[in-house]
Amino acid sequence: MQVLKFGGTSVANSENISKVVNILSSKSETDQVIAVVSALGGMTDTLQRAGELANLKDEHYLQLWASIQERHLDTAAELNLDEKAKDHLKEGLNELKKILQGIYLINEFSEKTQDKVLGFGELLSSFIISESLKTKVSDSQLKDSRDLIITDSNYTRAQVDPELTSKNISEFFSSNGKKVTIMPGFVSRSTEGVSTTLGRGGSDYTAAIIAASLRASVLEIWTDVSGMFTANPRMVKQAFPLEEISYHEAMELSHFGAKVLYPPTIRPVLELNIPILIKNTFEPGAPGTLINREGNLDFGPVKGISHLPNISLLTLEGTWMVGIPGSSKRLFEALSNEKINVILITQASSEHSICIAVQSADAERAAHAINEEFLFENSLGKINKAVIEDDQAIIAVIGDNMKNHQGISGRMFSSLGKNNVNIRAIAQGASERNISAVIDARDVKKALNTLHYKFFERQVRTLNLFIVGVGNVGRRLLDQIRQQKDHLYDHLYLNVRVTGLSNSRKMIFNEHGIDLDHWQDALDKGDKRSETEWFETIRDLNLQNSIFIDITANEAVANSYAAYLRENISIIACNKIACSSEYSNYIELKNLARHYNAPFLFETNVGAGLPVINTLNNLINSGDQITSIQAVLSGSLNFVFNNFNAETTFFDVVKQAQDEGYTEPDPRIDLSGVDVARKILILARESGHKIDMEDIENVSFLPKPSMESDTVADFYQTLKDEAAHFDELFAKADKNGNRLKYVAEFNNGMARVGLQEVGKDHPFYNLDGKDNIVLYYTDRYTDQPLIIKGAGAGAEVTASGLFGDIISLGKK
């Protein structure tokens with residue numbers, strides 16, 4: 001026997017009801033099912049408002065009734081219920097109308113009448129759902145909960161007769177073998193046969209009573225969220241669902257604002273050790289939250305941060321209270337007589353004052369009751385009148401295991417204090433299961449996020465880096481990591497450690513982190529480099545947050561990326577070969593990264609440390625479209641043509657660029673335009689275009705002998721031999737008042753790279769040194785492009801770009 005309860009959002013409309021029907025149909029294939037359902041989402045409030053308007057002789061109650069009728073009949077029609085079912089609905093709706101008319105005529109909306117009116121929500125919804133279910137599960141029925149759940153006559157908050165109710169439930173289901181039984185939640189009947197209700201949120205209670213009476217193996221509560229969260233996800237974006245918590249933790253969380261459960265729900269099943277499973281109607285495959293006796297002791301001391309809004313703080317103080325027995329008793333009796341619930345109590349050891357928190361709606365009545373009770377003492381000046389502080393809220397840190405951990409309250413209050421959240425009152429029981437504080441309502445969101453960050457987000461995340469390539473860029477990256485290690489730990493809670501290191505000859509591993517002060521000596525003494533052994537060692541270490549960083553220009557290394565991604569190892573690539581290879585390979589790597597949740601970052605493929613790709617991705621992800629790209633993407637070529645003039649030779653400038661680390665070890669890659677072509681190819685692909693290298697028009701400025709040279713030495717010799725060719729290029733541009741720039745363009749799906757003369761009015765004209773510049777023309781940036789400009793070459797800035805990718809991964 002399975003007992004399921006579906007809340008108001010789960011049955012809010014025909015689409016949602018269809019989801020519920022599918023869930024019940026699937027469940028019924030393996031077990032007998034009882035489904036307790038709430039009213040259509042928001043209907044209870046609408047019914048309450050209709051009754052209040054009728055009681056005020058406001059004829060708008062008829063409009064509300066009409067909207068109630070329309071909503072239920074529309075839902076029935078959308079679910080294709082037959083005319084007989086619709087007629088039955090109309091009968092119920094007309095009965096509701098008659099009751100509302102009676103309220104209007106005699107001005108009587110007592111709690112007894114409220115129960116009659118509000119109960120219609122569940123009665124109508126349960127009928128609609130049961131009729132819809134018949135199309136999928138013929139062996140199903142509707143059972144009125146009022147026939148089984150018997151209460152006293154405490155209307156709107158009726159108390160259940162446990163023995164009689166349990167007997168009724170057991171007898172009915174022992175003689176009934178229907179696959180699915182639909183039951184309305186919330187409603188019940190008194191021993192006198194009058195309709196009652198179990199209080200707002202009582203549908204959960206209905207389900208728990210049935211589960212307890214039948215000794216069900218589990219009680220499933222189906223709602224619109226995937227379980228109970230560490231905090232309200234609407235206020236704390238980083239909140240996440242808890243896999244398992246204890247009954248007591250669930251009671252505390254539900255009391256303090258976690259509306260997934262109605263607090264009394266847990267009591268019937270708690271005594272019998274029946275687990276509760278919170279599930280999401282809209283994501284039935286999600287694991288949800290399991291609530292049982294023990295909870296998850298390994299999770300940590302704090303399970304949730306919750307809050308109660310709309311709180312008022314009342315303070316009663318005076319010298320007469322000090323050492324006088326019975327003053328607290330009188331205070332609470334006065335509130336009890338007015339049926340006012342006290343949510344939080346705190347009293348200083350001096351006994352000079354007592355502070356209580358109540359719902360804001362009860363504040364004035366509470367203050368009046370207290371002042372009346374202590375009227376005589378007040379007249380003598382011994383006790384002051386109760387002081388009300390409105391616009392307050394209660395926040396609570398909750399967890400069964402907090403009592404075994406020192407310093408929880410200290411961390412709570414210190415973090416709130418640092419964020420300028422003033423605490424007005426504090427309460428903590430000896431069980432230390434709940435630490436509560438009253439704060440200003442406007443600080444609630446800040447307080448919740450502060451505490452969630454403190455208890456759930458401050459766990460330091462360890463990143464294990466496996467770096468291939470320790471040349472100019474690799475050395476500087478290692479140096480930057482060494483310098484910033486403490487800063488990352490203290491401020492970003494990242495423990496960045498280099499776990500593996502390799503050059504073309506040697507490799508070393510240390511799963512606790514390589515000493516970056518002596519990495520060169522360690523690598524010199526390392527094992528012989530083997531691509532297979534390197535990969536297999538990383539895979540077998542199986543360390544969390546493993547990141548493979550390629551700082552080579554090696555094709556074999558680039559071809560290994562797919563294997564890393566399949567092992568859930570993230571990749572940061574300085575190597576452009578993979579992203580500029582065949583489109584099919586590029587797209588496969590992107591798909592593998594998504595499928596295995598292993599990020600693949602390559603910001604430094606274009607623009608070194610400039611945020612060229614990141615900016616492009618942000619534009620695309622925000623809904624913009626790239627229409628054109630114009631760019632100078634080679635820091636080395638820009639350096640070359642900025643320094644090439646009538647007094648220098650082309651050979652000397654290229655040699656200088658290589659010596660200063662601006663070109664690849666083989667400068668032909670830069671000067672042939674292949675490197676720039678790769679970069680514009682990557683940008684075009686990241687813009688969403690399917691394009692390959694052969695689609696790019698590469699207009700080379702090199703003479704034929706330079707392009708056909710076999711070695712780097714031969715290439716340099718051709719630069720000397722063909723000096724006149726290069727001098728002519730400069731002289732022609734200089735005569736026209738222009739400068740030479742190697743430009744990459746992408747427009748209308750076509751890409752082109754080549755040397756161009758640019759005039760003084762062009763953004764590229766004053767591009768100095770080794771700088772890069774990218775102009776993005778988009779649907780939003782039409783007349784004036786988005787411009788990214790800065791150093792686009794050099795080991796230090798490239799290492800910085802790689803470091804940025806590492807930090808980005810650490811934050812994910």
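Colleague: How many bridges join strand β12 to strand β15?

Modeller: This is a predicted model in which local features need pLDDT of at least 70 and side-chain atom pairs count only at pLDDT 80 or more, while totals for chains, interfaces and linings use all residues. Residues are numbered from 1 along each chain as its sequence is written, and side-chain values use heavy atoms, with hydrogens and water left out. Strands are DSSP runs (E, at least two residues) numbered from the N terminus, and two of them pair if DSSP finds at least two bridges between them. Strand β12 (residues 304-317) runs antiparallel to strand β15 (residues 387-398), and the number of bridges joining them is 9.

Colleague: Which residue of β17 is the bridge partner of Ile394?

Modeller: Strand β15 is also joined to strand β17 (residues 434-440), by 7 bridges and in an antiparallel arrangement. Within β17, the bridge partner of Ile394 is Val438.

Colleague: Why does Lys506 count as partly exposed?

Modeller: Lys506 lies in strand β20 (residues 506-509). Buried means under 20% relative accessible area and exposed over 50%, with partly exposed in between (1.4 Å probe, protein chains only). Lys506 counts as partly exposed because its relative accessibility is 25%.

Colleague: What separates the C-alpha atoms of Lys506 and Val187?

Modeller: Along the chain, Lys506 and Val187 are 319 residues apart. The separation of their C-alpha atoms is 75 Å.

Key: Helices (H or I, at least four residues) and strands (E, at least two) are DSSP runs, numbered from the N terminus.
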